[in-house]
Amino acid sequence: MTLRRLAVAAVALFASASCFAQTFLWNTYNESSFSDAVASGNSVTVTVAANSRLTFFTTSFTPIALTNGTTKMVNFTVASTGGLTAADTTTTRALYAGFFNTASTTSGATRFADDTGYLLRWNPGSTGNGYLEYQERGSGAVNSLYNGYTAATNFGVGSSGAAVELLDNTSYTFSTRLVMSAGGAFSFGTSSNSTNYGASISGLPATYYGYTNTDATPVSSFDMFAVLLQNTTGSDVSFTLTMDTATLVGSYSAVPEPSTYAALAGLAALGLVAWRRRRATV
Ligand SMILES: [Ca+2]
Ligand SMILES: [Ca+2]
């Protein structure tokens, strides 16, 4: 390899570092205690004990800061060997996902108490037809991402709102659109159509598209992403969450290890210096 090619390759490697360095560190909370750094990577699987709820969350990414007039997409896929089908339709909801602001407290046994944000819930419904709803969490709430919210509001689904229950052993891809209007109001999407929805779920017989009304007093920065699974069965279940990196790039990026950047920057600098010296002597 010529020195020039080495320099070009080094620069390209450095430029792409923020794209491939999507290393999420995952933690769990079982409503009584935290387990930190239980898994890492874009696709992870955890065990949810029988008749329990597990919160599965990460803070290892550059915060999503929604300035006025911006939209951010976050996509992820979930599957569970149990806990989704025939969930308790009167007192519990099977699957939740949320975007939160940690108030810069991300460790300790009461770290959730000061968190704010939004929680989406796939509600299995009382008639067998599930739907998406959301709630806003206020600060000073109890130390659980399951509690401490405003009343739930159904997502608007227009005329395309037919939905069914989520099933066990099936992969569902959630696509979420976080919108901050020019005037500073937050919403999940602006319409239930396929291009402006706030949340869609594919994997159902028909893709679900929904959106929320605007929140004029929004949470505008999110530094924690969480998924909660309610295992309503009497057996432990396996739950897998996969982040869609293709969509995360450009929305927000995980933070590479500082040593990675330092090494790549050093390699790029050395390559450029060598190339310039070689050119100067030709
Ligand atoms: Ca906190
Ligand atoms: Ca609000």
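This is a short walk through one predicted protein model, from its confidence to its core and then to a few loop residues.

Some ground rules. Residues are numbered from 1 along each chain as its sequence is written, and chains are lettered from A and ligands numbered from 1 in the order in which they are written. The model is predicted, so local features need pLDDT of at least 70 and side-chain atom pairs count only at pLDDT 80 or more, while totals for chains, interfaces and linings use all residues.

Confidence comes next. pLDDT is the predictor's confidence in each residue, from 0 to 100. Its mean over the protein is 81. Of the residues, 74% reach 70 or more. By element, helix α1, residues 3-20, has the lowest mean, 51. Strand β12 has the highest, 96. Residues 13-20 stay under 50. The model gives that stretch 11 contacts beyond four places in sequence. A contact here means two C-beta atoms, placed from the backbone, within 7 Å. Residues 250-261 are also below 50, with 27 contacts beyond near neighbours in sequence.

Now the overall picture. The protein has three helices and 17 strands. These are DSSP runs, numbered from the N terminus: H or I over at least four residues for helices, E over at least two for strands. Of the 282 residues, 33% count as buried. Buried means 20 or more other C-beta atoms within 10 Å of a residue's own; exposed means 12 or fewer; partly exposed is in between; again, C-beta atoms are placed from the backbone. Take contacts between residues at least 6 apart in sequence: 69% of them join residues at least 24 apart.

On to the core. A nonpolar core is a set of buried Ala, Val, Leu, Ile, Met, Phe, Trp, Tyr and Cys residues joined through C-beta atoms within 7 Å. The largest one here has 52 residues. Leu95, Leu120, Ala226 and Val227 have the most contacts inside it. Strand β16, residues 224-231, gives the most to this core: six residues. What does Ala226 touch, leaving aside neighbours within four places in sequence? Its contacts are Thr55, Phe56, Phe57, Gly98, Phe100 and Leu145.

Look at strand β7, residues 95-101. Seven of its seven residues are buried, so β7 is largely enclosed by the rest of the structure. In a regular strand the side chains alternate between the two faces of the sheet. In β7, both faces are covered. Leu95, Ala97, Phe99 and Asn101 are buried on one side. Tyr96, Gly98 and Phe100 are buried on the other.

Which strands does β7 pair with? One is β16, antiparallel, over six bridges. Pairing requires at least two DSSP bridges between the strands. Phe99 stands opposite Phe225 in β16. Another partner is β8, residues 116-123, also antiparallel, over seven bridges. There, Asn101 stands opposite Thr116.

Glu31 sits between β1 and β2. Its phi is near 80°, positive in a residue other than glycine. Is Glu31 buried or partly exposed? It is partly exposed, because 14 other C-beta atoms lie within 10 Å. Asn169 is in the loop between β10 and β11. Its phi is positive too, about 55°, although Asn169 is not a glycine. Asn169 is exposed, because its count within 10 Å is 12 other C-beta atoms. Ser194 lies between β12 and β13. With 10 other C-beta atoms within 10 Å, Ser194 is exposed. Its C-alpha is separated by 9.2 Å from that of Thr207, 13 residues apart along the chain.
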